[in-house]
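Hello,

Here is the structure we talked about passing on. Please look it over first; my notes follow.

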Amino acid sequence: MTAFASDSLAAATRPNPNRPIAVWLLVCAAMVLAMAVIGAITRLTESGLSMVEWKPLIGILPPLSSAEWNRVFDLYKATPEFRIYNSHMDLAGFQSIFWWEWFHRLWGQLIGFVFLIPFLRFWMQGRISSELWPKLAGLFLLGGLQGGIGWFMVKSGLVDSPNVSHYRLALHLSTAILIYALLLRTALGLLDPLPMAGWRPESASLRRHTRWALGLVAATIVWGAFVAGSDAGFAYNSFPLMNGHWIPPEVDTLTPWWLNPVENTAAIQLIHRSLAILTGVVVLVLAARVLNARLPGRAGRAALASGAMVLLQIAMGVATLLTVVWTPIAAAHQAGAILVVSMLVWLLFELRPVGRG
């Protein structure tokens, strides 16, 4: 314990050569968080199917002439969304939904540049260690894969149905949050290679609890994406009851029965609500346990932040329902999910065992 404290003090007094890399990764993480909010607004404004072409890099520029605007509008006219919902739409109306999807894709490509250019510079300067290099290269490849998943999602709404697959939406959102969490975790490891709480014996149990909490948050987010993709958020806009019922009678109307949790609007929203409440309880108990343990370092602050954020997130979820998915609150609710992940990733890092790199 004494040696550990000495090492921690020595590490704290030395300049950290990895700080610029950590700051760069945190900037990338912030951009991913903003990307998730932009994506939520794009979906909530029903703009996501306005661009029917996927042109990485060369598609950065928007239409710059009347002829090009009419060309992309004609492509949109051939989609199920236009034929079923927007056949009345003129060019000005199309432009109003086009810009959100264009900005969403532009921001995704900007993240790629903001990641790649400093990565190459740090690498050429010899500042990226052999241990860190594969992690960063993997993050870049995962980001490229995420762009392909986004197009895979959009394509599901361009063929027969004017709605994207909620399974593909869940995959797209989950991958974005995974990228965010990995960026944050890598940055934390560079900023503070030796957190102070992990040497305490009770930290092992708290780490397991934190992992369970993260798993529940992940499941809640997946069913939240199912709610968004199936428009289940518009179906039961009361709380805590669902149109006067704790369990709505429509919850098991599909056959076979196992389709209900992932296809039935009532069941999807019920599961999301239930997971959110369970997750909130688990995180609050975790925060209480960490605070009661009086661990050294920043674990207590991370636990307190986790508890506060999960309460705020539940409140925003209820507000999303009661306002019938009002775009500002619904977008904030999606951002809140990522912030809950942030706090728990931070807490898990603070509880890391001594000697783990």
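A salt bridge here is a side-chain nitrogen of Lys or Arg within 4 Å of a carboxyl oxygen of Asp or Glu. Arg298 and Asp192 form one through their side chains, at 2.5 Å from N to O. The rule finds 1 salt bridge across the interface of domain 1 and domain 2.

Some ground rules. This is a predicted model, where local features need pLDDT of at least 70, side-chain atom pairs count only at pLDDT 80 or more, and totals for chains, interfaces and linings use all residues. Residues are numbered from 1 along each chain as its sequence is written, and side-chain values use heavy atoms, leaving out hydrogens and water.

The domains: domain 1 covers 17-193 and domain 2 covers 198-356. These bounds come from an automatic or database domain assignment. The two centres, taken over C-alpha atoms, lie 24 Å apart.

The interface: 23 residues of domain 1 contact 24 residues of domain 2 (heavy atoms within 4.5 Å). About 2,300 Å² is buried between the domains, 72% of it from carbon and sulfur atoms. Buried area is the accessible area (1.4 Å probe) that two parts lose on being put together, summed over both. On the domain 1 side, Leu44, His166 and Ile177 lose the most area to domain 2, together 24% of what that side buries.

Which helix gives the largest share of the domain 1 side that touches domain 2? Helix 7 does, with 13 residues. Helices are DSSP runs (H or I, at least four residues), numbered from the N terminus.

Best wishes

Methods
Helices (H or I, at least four residues) and strands (E, at least two) are DSSP runs, numbered from the N terminus.
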